Amino acid sequence: MKISQSQRRELQDSGELFLKGFRLYVYEKMHESLGHDWPIVYKEGLLPNHQKDWENELKKGRDPVELIDWGHLKYFAIQNKHYFKNDFGKQTNRLPTWLEEIVDVRNDWAHNHNIELDDAIRALGTMVRILQAISMDEIAEKIKMIRISFYPEKIKVVEKEVKVESSGKEKPVVAKGPLLPWFMNVRPHEDIERGNLDESVFAANLGDVALGTGREVYLDPEQFFPKTYFTAGLKNLARQVIRGLNGNEEADNRVISLQTGFGGGKTHSLISLYHLVKKGKEIIDWELTADIINEIGKPEFENANVAVFTDSTNDPTQGRMADGVHIRTLWGELAWQLGGKEAYEIIRPNDENRTFPLGSLFRKVLEMSSPCLILIDELAHYCVSASGVAVGKSTLSDQTIGFIQELTQAVSSVNKCVAVVSLIVSPLEIAASKEAHQVFVSLNARLSRVGKDTKPVEGDEIFEVIRRRLFEDMGDPAEIDKVVKHYYDYYKTLGLNHEIPQYAARPDYKERIRKAYPFHPELIDIFEKRWASANDFQRTRGVLRMLGSIVADLWKRQSSLAGSQGLIHLSDMNLGNLDAITSQIKKLWGNGYDAVISADVSGNNSNAFKIDSNKQEYRKFNITQGVASAIMLGTFGSDGPKKGLNVQEIKLMVLKPDTYNHNSINGALDSLESEAHYLYYSEAANTKRYWFHTRR
């Protein structure tokens with residue numbers, strides 16, 4: 001959808017307001033540091049052709065502040081980040097991209113090109129974000145109101161309710177104000193906003209980080225930590241590691257095992273430790289750790305030696321070459337990474353013969369390398385592969401498992417040495433085989449003797465993990481408060497009539513809404529609690545990938561979304577656009593669900609679409625398609641009397657304040673019962689439960 005001529009004028013006026021404000025900000029920042037010489041330094045931060053233009057205009061007597069122009073902004077921000085650090089903090093590296101985004105839209109209006117409504121709204125939001133960061137709130141508010149006007153159908157006004165007291169005075173109950181759509185308040189990270197949702201966006205690899213390869217978001221701590229939420233488990237883990245490396249007598253057991261389900265946050269936690277320890281004392285005064293440093297403790301070491309081993313570090317059959325040395329084993333890798341050739345020579349015969357060294361021998365490696373941290377990830381996968389490599393009458397897998405016990409004893413006996421090893425919770429996570437089961441049992445037995453187990457993510461912490469990984473800006477807290485209060489008041493009313501589960505009308509659910517924002521809590525729970533029961537579903541990574549795909553799709557379609565958009569609901573999904581979700585459904589529960597989705601749930605030929613098309617209210621809000629999508633995702637993860645979703649659960653997942661009457665859900669369900677090919681339902685305790693199945 002293209003913007004109108006009146007919107008084009010408003011957009012251009014907003015751009016001029018923004019440039020005027022940002023010019024003044026740049027002048028004040030540079031003049032504060034450089035005095036009257038600021039124009040000289042400013043010019044040096046420009047591209048060569050812009051420098052020449054700058055000099056020519058100054059010769060004409062132009063005010064240098066007025067010469068700060070659109071074409072300068074991105075490159076100047078790249079070259080002069082130090083001027084912006086105090087105001088933009090962790091987002092300083094994103095400022096050039098934000099400015100480029102605004103300039104791209106500005107160029108379109110300057111050259112009279114057509115401008116997409118979504119691009120205009122995004123540029124206006126970026127202007128507001130930057131102006132708020134530099135405390136130009138008056139200009140920011142003007143542009144914010146212009147941006148809101150671009151969405152006349154999306155802004156719902158919460159009318160002021162009043163109660164008349166016995167004195168005759170009116171007492172306001174609900175304040176009047178706009179309920180902003182989530183996409184006008186929050187901002188996804190760039191990868192998600194642009195729809196670049198390949199596996200690597202969420203697939204962290206510790207080995208790649210240690211080698212300096214892979215995605216910048218994991219390699220660069222200044223990009224990594226803003227997207228990392230330090231859960232209670234991760235803080236505790238970091239505290240244990242720092243205490244151990246400090247040589248603190250109160251340090252807990254210095255062999256730590258991380259044991260969670262598939263995709264449970266283990267690798268992300270290990271990467272966090274890697275960056276923290278590499279920085280050493282620097283994190284004490286580091287802006288990125290300022291809010292957690294008192295909880296995790298202050299390193300007393302400048303930095304520590306770190307050795308990393310994953311299932312991709314060293315090929316079990318071929319090993320790897322490093323500076324002319326052929327390294328063949330886990331113990332060879334650890335020695336080489338901790339102390340180079342000198343440390344490797346201590347255990348060279350053991351590495352060459354692929355026979356594990358005794359703990360007393362490897363202790364010498366640790367003593368010469370402390371303080372040192374050993375991080376081992378995906379060891380079970382490596383051991384399954386190593387089970388095919390013969391070592392005498394045993395295998396490299398047997399030797400590796402034997403070494404783990406020797407390693408734990410050596411680490412426990414050397415001061416300022418810590419080892420963290422990730423473990424799986426089920427052999428099915430690596431392979432359904434006898435070898436996998438034996439590896440699982442043996443590794444757990446070795447580490448449980450001296451290891452201390454910890455879980456990186458627990459309970460509702462998943463909400464903040466998701467928010468931090470998917471969104472770079474969570475928006476205005478006051479707007480979030482409005483959304484939370486409005487939903488809670490709505491749910492209390494529905495709860496009185498038993499239209500939704502009673503737990504959703506209680507105060508603690510109000511806090512769940514706040515924690516989950518901009519997602520509806522039930523959307524996250526579907527993936528994190530129901531789908532996570534499947535052995536092949538990667539719990540944290542899988543949830544992030546599903547939700548990331550939903551946000552990316554809705555972000556592109558924001559100008560065409562109907563009804564209140566305070567939160568993201570299951571019913572907002574268009575499964576026809578979400579390959580990440582449909583492919584996962586087919587992978588986990590069978591290809592037959594492809595036919596179910598196209599026949600009954602999503603697409604112009606689906607029964608849900610046809611039902612909506614025949615009734616104006618349904619068509620306006622895609623009610624039946626929303627109900628069908630909710631049932632589709634709620635089909636999986638439970639069996640027996642709890643299979644699928646009941647009517648109350650569907651209403652909680654689908655209904656939005658100020659949109660349509662809850663009885664429309666009942667009508668949509670009745671129509672689906674009559675028309676859908678693959679819909680099943682059961683009736684018990686005076687309530688129906690619905691689910692889809694591949695059998696007709």
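User: Which residues make the nonpolar surface patch of about 210 Å²?

Analyst: This is a predicted model, in which local features need pLDDT of at least 70, side-chain atom pairs count only at pLDDT 80 or more, and totals for chains, interfaces and linings use all residues. Residues are numbered from 1 along each chain as its sequence is written, and side-chain values use heavy atoms, with hydrogens and water left out. Patches are made of residues with over 30% relative accessible area and no salt bridge, like charges being joined within 9 Å and nonpolar side chains (Val, Leu, Ile, Met, Phe, Trp, Tyr) within 5 Å; a salt bridge is a side-chain nitrogen of Lys or Arg within 4 Å of a carboxyl oxygen of Asp or Glu. The residues that make the patch are L47, Y75 and I78.

User: Is Y75 buried, partly exposed or exposed?

Analyst: Y75 lies in helix α5 (residues 73-79), where helices (H or I, at least four residues) and strands (E, at least two) are DSSP runs, numbered from the N terminus. Buried means under 20% relative accessible area and exposed means over 50%, with partly exposed in between (1.4 Å probe, protein chains only). Because its relative accessibility is 31%, Y75 counts as partly exposed.

User: How much accessible surface does the chain have?

Analyst: Accessible areas come from the Shrake-Rupley method with a 1.4 Å probe, and for residues only the protein chains shown count as cover. Buried residues make up 56% of the 696 residues in the chain. Of the accessible surface, 45% belongs to carbon and sulfur atoms, and the total comes to about 29900 Å².

User: Which strands stand at the edges of the open sheet of 3 strands?

Analyst: The sheet has the order β16-β18-β17 with antiparallel pairing, two strands being paired if DSSP finds at least two bridges between them. The edge strands each have a single partner strand, so one side of each is left without a neighbour in the sheet, and these strands are β16 (645-646) and β17 (679-684).

User: Which residue in β18 stands opposite L679?

Analyst: β17 and strand β18 (residues 687-692) pair in the antiparallel sense over 6 bridges. Helix α31 (residues 623-634) lies across β16, β17 and β18, running at about 80 degrees to β18. Within β18, the residue opposite L679 is F692.

User: What is the bridge partner of F309 in β10?

Analyst: Because 4 of the 5 residues of strand β7 (residues 305-309) are buried, this strand is largely enclosed by the rest of the structure. β7 and β10 pair in the parallel sense over 5 bridges. The partner of F309 in β10 is I376.

User: Where is P371, which a cis peptide bond joins to S370?

Analyst: Most residues other than glycine have a negative phi, and most peptide bonds are trans. The bond between S370 and P371 is cis, with omega about 0 degrees. P371 lies in the loop between α18 (359-369) and β10 (372-376).

User: Is H498 buried or exposed?

Analyst: H498 has a positive phi of about 60 degrees although it is not a glycine. Its place is in the loop between α23 (477-496) and α24. At 51% relative accessibility, H498 counts as exposed.

Conventions:
Contact means heavy atoms within 4.5 Å. Axes are lines fitted to C-alpha atoms, for helices over the stretch in contact, and angles run from 0 to 180 degrees between N-to-C directions.
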